[in-house]
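Subject: Structure handover

Hello,

Here is the structure I promised to pass on. Please open it first, then read my notes beside it.

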Amino acid sequence: MFFQCLILIFLVSTGQVFAQNEFDINQKVQYQLDLNGDAQVTQEIELINNLSQVYPKEYQIVISSPDIENFFASDQQGSIVQKIEKQNDQTTIDLKFNDQKVGKNQITSFKLNYNLPKLATQKG
């Protein structure tokens, strides 16, 4: 039996944004847990340009777990994963977009999929 939870920004944070006013960010994060406490995570992210001359080329995500498995990230043109680095108790993922959208109010959409083993435990 699977349980579905919609949790926003639980284990995931984005890298420091130096120009926060340049983009708006929408995120939808879904955790699907199995009876063993393993989670299948799906994130759908949109970066919305607030300026006409500035657009996202790269993105960094930091996940508070070193145990990520089967990580995949893509935009509409395919894989965008550049580097995955596990250090201490976190995983840092560098992404580079294939599909760069230029212009105000243009949206760069991408999706992340990964597994987090033993995310939850059952008590009682």
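Where in the chain is the place of Lys118? Lys118 sits in the segment after β10. Its phi is near 55°, a positive value in a residue other than glycine. Most residues other than glycine have a negative phi. Lys118 counts as exposed, because its relative accessibility is 59%.

**The model as a whole**

Bear in mind that this is a predicted model. The mean pLDDT of the protein chain is 85. Of its residues, 84% reach 70 or more. Take care with residues 1-18, where pLDDT stays under 50. For that stretch the model has 47 contacts beyond four places in sequence.

How many helices and strands does the protein chain have? There are zero helices and ten strands. From the N terminus on, the elements therefore read β-β-β-β-β-β-β-β-β-β. Of the 124 residues, 33% count as buried. The accessible surface comes to about 7,900 Å², and 45% of that belongs to carbon and sulfur atoms. Now take the contacts between residues at least 6 apart in sequence. Of these, 66% join residues at least 24 apart.

Start with β4, residues 39-49. Eight of its eleven residues are buried, so β4 is largely enclosed by the rest of the structure.

Which strands pair with β4? One is β3, residues 23-33, joined to β4 by eleven bridges. The other listed here is β10, residues 107-116, joined to β4 by ten bridges. β3 and β4 run antiparallel. So do β4 and β10.

Asp24 has Ile48 in β4 as its bridge partner. Val41 has Tyr114 in β10 as its partner.

β3 and β4 also form a hairpin, with five residues between them. Look at Gly37 in the turn, which has a positive phi of about 90°.

Next, go to β9, residues 90-96. Five of its seven residues are buried, so β9 too is largely enclosed by the rest of the structure.

Six bridges join β5 (residues 58-63) to β9, and the two run antiparallel. Here Ile63 stands opposite Thr91 in β9. Six bridges also join β8 (residues 81-87) to β9, again antiparallel. Here Lys83 has Asp94 in β9 as its bridge partner.

β8 and β9 form a hairpin with two residues between them. Asn88 in that turn has a positive phi of about 55°.

Asn70 lies in strand β6, residues 69-75. Its phi is positive, about 55°, although Asn70 is not a glycine. Is Asn70 buried or exposed? It counts as exposed, because its relative accessibility is 57%.

Asn115 lies in strand β10. With a relative accessible area of 24%, Asn115 is partly exposed. Which residues does Asn115 touch, leaving aside those up to four places away in sequence? They are Ala39, Gln40, Asp67, Ile68, Glu69 and Asn70. Thr42 is 73 residues from Asn115 along the chain, yet their C-alpha atoms are separated by 8.9 Å.

**Aromatic rings**

The count comes to four aromatic pairs. In one of them, the rings of Phe71 and Tyr114 have their centres 5.7 Å apart. Why is this pair stacked? The planes meet at 25°, and stacked requires under 30 degrees, so the pair qualifies. The pair links distant parts of the chain: Phe71 is in β6 and Tyr114 is in β10, 43 residues apart. Phe71 is buried at 16% relative accessibility. Tyr114 is buried as well, with a relative accessible area of 1%.

Phe97 and Phe110 have ring centres 5.0 Å apart. Their planes are at 55°, so this pair is tilted. Phe97 lies in the loop between β9 and β10, and Phe110 lies in β10. The pair therefore ties together parts that are 13 residues apart in sequence. Phe97 counts as buried at 3% relative accessibility. Phe110 is also buried, at 3%. Ring pairs link Tyr59, Phe97 and Phe110 into a cluster.

Best wishes

How values were computed: Residues numbered from 1 in each chain as written. Predicted model: local features only at pLDDT ≥ 70, side-chain atom pairs only at ≥ 80, totals over all residues. Heavy atoms only, no water. Buried < 20%, exposed > 50% of the residue type's maximum accessible area, 1.4 Å probe, protein only. Helix = DSSP H or I, 4+ residues; strand = E, 2+ residues; numbered from the N terminus. pLDDT = per-residue confidence, 0-100. Contact = heavy atoms within 4.5 Å. Areas by Shrake-Rupley, 256 points an atom, 1.4 Å probe, with all protein chains shown as cover. Phe/Tyr/Trp six-rings, centres within 6.5 Å; stacked < 30°, edge-to-face > 60°.
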